[in-house]
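The sequence and structure come before the text.

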Protein chains: 4
Amino acid sequence: MSTTVHRVRAGYVDTDQSGVIHHSVYVRWFEEARNAFLRERGLNFVDLEHHRRIGVAVAQMNVRYRRPVVFDQEVDVHVWVGQLKNASLRFDHMIESEGMRLTEAEVTLACIDLDRKRAIRIPDEIVRCCQPSAGT
Amino acid sequence: MSTTVHRVRAGYVDTDQSGVIHHSVYVRWFEEARNAFLRERGLNFVDLEHHRRIGVAVAQMNVRYRRPVVFDQEVDVHVWVGQLKNASLRFDHMIESEGMRLTEAEVTLACIDLDRKRAIRIPDEIVRCCQPSAGT
Amino acid sequence: MSTTVHRVRAGYVDTDQSGVIHHSVYVRWFEEARNAFLRERGLNFVDLEHHRRIGVAVAQMNVRYRRPVVFDQEVDVHVWVGQLKNASLRFDHMIESEGMRLTEAEVTLACIDLDRKRAIRIPDEIVRCCQPSAGT
Amino acid sequence: MSTTVHRVRAGYVDTDQSGVIHHSVYVRWFEEARNAFLRERGLNFVDLEHHRRIGVAVAQMNVRYRRPVVFDQEVDVHVWVGQLKNASLRFDHMIESEGMRLTEAEVTLACIDLDRKRAIRIPDEIVRCCQPSAGT
């Protein structure tokens, strides 16, 4: 319930000449997984951004790379809310394949009033669907 | 005068596991070169987009890859206006290194009224700095 | 049978400040679709590359962008073999959403002997699963 | 001497629909800056990888995003060695523009024996040019 699992497949463009997936690619996968998490819980992100003029910005990102991912490999990105505070929301991520932990990441988001260009508290519609959970 | 030469260096992230630069990376280089071309000629792209609400969209892109580029290689992206019509502007590109042609590309742009979401004729400030030239 | 349909969802990272998906992103989608095509037909691309030392390089790419794709939109990338010659293989692509053609592309591939670094004829295992078809 | 400053210009492709540079782009900039650091100190990375079969992998990455970067902005990526241990090498990065700190990052690398696929101690040629310094 409180964790979303988002499956991705590593593409050829995602490889580098060392023969594994480049470390920058995971950042895209984490974001995809967070968007899948919010979509599953009915959060209308586009509505938030376009009509309420609230943006979501990454404030901090910590990633630990344990084992590589290779071309064409399918991996599961687990994502859940690690911490919810007044002005920040931390998503925790774990990439796993066949029972092995490959990568872990914490990404802390802040909300922005897009017109006034300043941080605001996390709005209620996000708080409602982002209660912290124990994770994976 | 009528050609801008934009130097880029291939990054590690730009490689793929075949050991050369991935074909998608060149698309970024062509765009960088076009932006350098417009900047050199005093076109305020941000002004166009934010204040006049005119956007520039890619309508067509043709690329011919002749020889590969490798990690850490510096190459020159030549860019010039190939064709200017009422409603479209074609930039031609040639990537070269040590006298060898590596890649050629034609990218045709259209201008968009961002509020009405429809194509418009190329605005005068672009026409002024984008007269076609014979190329390289 | 002869066309593969590969569904993708546009990510936030794929947008640009004009509010639509950047034209470079489609290049990744076309490649993903081609890999899905080959996978469906049992082609072991990794085997080709690692054991037989045959690489696949993009020689030409033509893309026509008709209508934009926006964040979180799901679109279908149709891919089929447009032309098969001794030394080249052209895949045709069409991106579609709700019955509307959004994008069309032709991508011509060549095969490379990775050790001798030169073009070779398309190997039999690719020829077998890449007979041209009428497309979409 | 012990810090390298690598200037980058934010591209249009690097923006997202919130109007600023997407957080994943910085990961590429940090890598570019590290490669500039090593190049300046005479390290032949290609030689290390191809001839000595030693690869460099990112083991951990921590990024703190303080202020956004916008399209066409030029920023300076400062990079220096934060910590050097037997089996790991931490680069510290700071992105700055007009005297303002925009972003900070720590990226910890490990070295890999590419044939045996296991971590090895940092080789001497890297140790020689990567003594820790106080940073910026």
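This is a predicted model: local features need pLDDT of at least 70, side-chain atom pairs count only at pLDDT 80 or more; totals for chains, interfaces and linings use all residues.

Helices (H or I, at least four residues) and strands (E, at least two) are DSSP runs, numbered from the N terminus.

The contact as a whole takes 14 residues from chain A and 14 residues from chain D, where two residues are in contact if their C-beta atoms, placed from the backbone, lie within 7 Å. On the side of chain A that touches chain D, the elements giving two or more residues are α1 (25-40) and β2 (54-65) of chain A. β2(A) gives the most, with nine residues. By class, this side of chain A has six nonpolar, six polar and two charged residues. Ala, Val, Leu, Ile, Met, Phe, Trp, Tyr, Cys and Pro count as nonpolar, Asp, Glu, Lys and Arg as charged, and the others, Gly among them, as polar.

## Chains A and B

The same surface serves both copies, as 100% of the contact residues of chain B recur in chain A.

Nine residues of chain B are in contact with nine residues of chain A. The side of chain B that touches chain A has three nonpolar, five polar and one charged residues.

## Helix α1 of chain C

Helix α1 (residues 25-40) of chain C has 16 residues, which at 1.5 Å a residue should span 22 Å; its end C-alpha atoms are 23 Å apart, which agrees. The expected span is 1.5 Å times one less than the number of residues.

Buried residues in α1(C) include C:Trp29, C:Phe30, C:Arg34 and C:Phe37 (buried: 20 or more other C-beta atoms within 10 Å of the residue's own; exposed: 12 or fewer; partly exposed: in between; C-beta atoms placed from the backbone). Just after α1(C), C:Gly42 takes a positive phi of about 80 degrees.

## D:Pro123

D:Pro123 lies in the loop between β6 (118-120) and α3 (124-129) of chain D. D:Pro123 counts as partly exposed because it has 13 C-beta neighbours inside 10 Å. Leaving aside neighbours within four places in sequence, D:Pro123 is in contact with D:Ile54 and D:Cys111.

## Conventions

Residues are numbered from 1 along each chain as its sequence is written, and chains are lettered from A and ligands numbered from 1 in the order in which they are written. Local features need pLDDT of at least 70 and side-chain atom pairs count only at pLDDT 80 or more, while totals for chains, interfaces and linings use all residues.
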